[in-house]
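Me: Please take a close look at one part of this model, beginning with a single loop. Then continue in one connected account to the elements beyond it.

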Amino acid sequence: MTPNRDPMAYLPGMEIIASNLLEAVLAARRAFVPEACTATQVRQALQKPRLRPEDFAALLAPAAAPQLEAMAQRAREVTRRQFGNAIQVFTPLYLANHCENSCVYCGFNVHNRIQRARLDGDEIEAEMKAIAATGLREILLLTGESRAHSDLAYLGAACQLARKHFKVVGLEVYPLDVAGYAHLHECGADYVTVFQETYDPASYGVLHPAGRKRVFPYRFHSQERAILGGIRGVGFAALLGLDDFRRDAFATGLHAYLLQRKYPHAEIALSVPRLRPAIHNDRLNARDVHEAQLLQCLLAYRLFLPFANITISTREEARFRDHAIKLGATKISAGVSVGIGGHQEKNKGDEQFDIADFRSVQEIRAAILGQDLQPVMSDHVFV
Amino acid sequence: MTQQDALVLGGHAFTSRFILGSGKYSLDLIEAAVAQAGAQIITLALRRIDPGGEANILDYIPRGVTLLPNTSGARTAEEAVRIARLAREMGCGDFVKIEVIRDTKYLLPDNAETLKATERLAKEGFIVLPYMYPDLNAARDMASAGAAAIMPLGAPIGSNQGLTTKAFIQILIDELDLPVIVDAGIGRPSQACEAMEMGAAGIMANTAIATAGDVPAMATAFRQAIEAGRTAYLAGLGPTLASGACASSPLTGFLRDRP
């Protein structure tokens, strides 16, 4: 594997689908100059019943910062009309932390000397039983990106186990071909999330110096391949703080928007992750993405895509998350461990990043109920 | 309401014409909302049913209320049929509201697939209430396929915009021999009342009640509006004058004029 190969070039054997989404998103990202947006454009955006991409861009601009309260008011109203007072609750289960990539910001980086582990079938089932006992009915399965340690058969078996214990099964694993997604759908998975990390190809190349993940377009088209493979819903995110967060948030929302226009039946979800410290890399931080900027991104996502689920991660503190679900987030994780086997007595493998909200499922449920919202454990039927 | 004025769906008679939704407000408000609405039918999404789970919606619905499970989540007729069967297996009874939606943005119903699902589920003995876009041809076909009622949308779901499809709903009411229950988009009691005055057989509402400040109180307001509209319809509304008064020179005056 050549370390300096072009991140826009596919590797041999990678599936290429016919799609014009990548060019459209990258062109729009290049054309978006956050500092050029005016307060007038922001006010106009806030008065429109339906936002166009240029309105979304204005809401992500520095010029929208003084309008944050107005955005919050409107976002809350839009969220309640669309979702009522329902807040979906789920938890991630990390199956393995073996990884072939060398993302410079990630604890699972192949060069990071951490305790590596992979759960076997019995261990997965024990974890799932422990999680299901907390009342959760939705699970998100995650792995590091290692085709050798977590191959398709392993992932399929994990999905089948998850279907036994949960109503909703989501995946956050390395990008697959259409056939791979179709297989995992048959095994019980209905949701696929792939973070693009940053939508700037040059930064992307610097941050992902090696491994299959270095191939920007293959990762970019993951959601579309998942939909073509029969997956019901797809999730998008940029890891805010890696590059210009405003332009990355814009590209993320536009990516989701264009995909839904192309596949109107696809359920769309967004996350708003910020860069966090990771093991052996505790100086990582999200630079200029403070809570106000993070909230601005979340609110802009909500107003641009009223129908999309928005997940708020345990990377954020309890106080921020509790407010986020009032204003626009519709999905929250609870009882989270980002290590391998973290729902048993002792971690078998190390964590991907540091979390900031350690509350149990019962505590999160209580926090939701305390705000006149209702925790929803299952909002899905597998057909 | 008199006994003669029952809403009859698949051979079952109901004195209430208000079908209550359950998806967007807290489970522990359902009982009060049902009571204040006087509702005898409640819709619920199969996707929210979770036997043995902590937040199983079925545990919160008062006994004696007829369940109208919907097939939300279905993108095709095939999926709607499967979801309907699952609902019956879970003990939700024979009623089903068909929702086939393959647009996650506006959640508009797909009439063609809805018709196919209506046909198949009616044959399987379900009491089928298809949620549909108010198109007369599609509604007639659904009636022929065995629907027990037709549920046209008044406006985009969740929009609280009211009867934006009013002219087309009136055509369905006038032309179909089945009950027409206006579903989706009704945002205020006055809009529910207006639909009932037009001759709608019932109203289904969720968002308008769920997003109100006081859920049970808004359920009361809707019940009253629906009853008022029904009474007005049965009484026969007085004519509305389009403009001015009656013509001063009668057009038929010539009949009395002798040459």
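Reply: B:Asn160 sits in the loop that runs between strand S8 (151-152) and H5 of chain B; helices (H or I, at least four residues) and strands (E, at least two) are DSSP runs, numbered from the N terminus. The model is a predicted one, in which local features need pLDDT of at least 70 and side-chain atom pairs count only at pLDDT 80 or more, while totals for chains, interfaces and linings use all residues. Residues are numbered from 1 along each chain as its sequence is written, and chains are lettered from A and ligands numbered from 1 in the order in which they are written.

The backbone of B:Asn160 has a phi near 55°, a positive value in a residue other than glycine. Most residues other than glycine have a negative phi. B:Asn160 counts as partly exposed because 17 other C-beta atoms lie within 10 Å. On this scale, 20 or more such atoms within 10 Å make a residue buried, 12 or fewer make it exposed, and partly exposed lies in between, with C-beta atoms placed from the backbone.

Just after H4(B), B:Gly146 adopts a positive phi of about 110°.

A:Glu197, in strand S4 (residues 191-197) of chain A, has a positive phi of about 70° although it is not a glycine. A:Glu197 is buried, as 25 other C-beta atoms lie within 10 Å. A:Arg274, in the loop between strand S6 (267-271) and H12 of chain A, is likewise buried, with 22 other C-beta atoms within 10 Å.

The two chains also meet: 27 residues of chain B are in contact with 25 residues of chain A, contact requiring C-beta atoms, placed from the backbone, within 7 Å. On the chain B side, helix H2 (77-89) and helix H7 (207-210) each supply at least two residues. H2(B) gives the largest share, four residues. By class, that side of chain B divides into eight nonpolar, eight polar and eleven charged residues. Here Ala, Val, Leu, Ile, Met, Phe, Trp, Tyr, Cys and Pro count as nonpolar, Asp, Glu, Lys and Arg as charged, and the others, Gly among them, as polar.

Within chain A, the buried residues of H3(A) are A:Phe56, A:Ala57, A:Ala58, A:Leu59 and A:Leu60. They pack against H2, helix H4 (68-83), H11 and helix H12 (291-304) of chain A.
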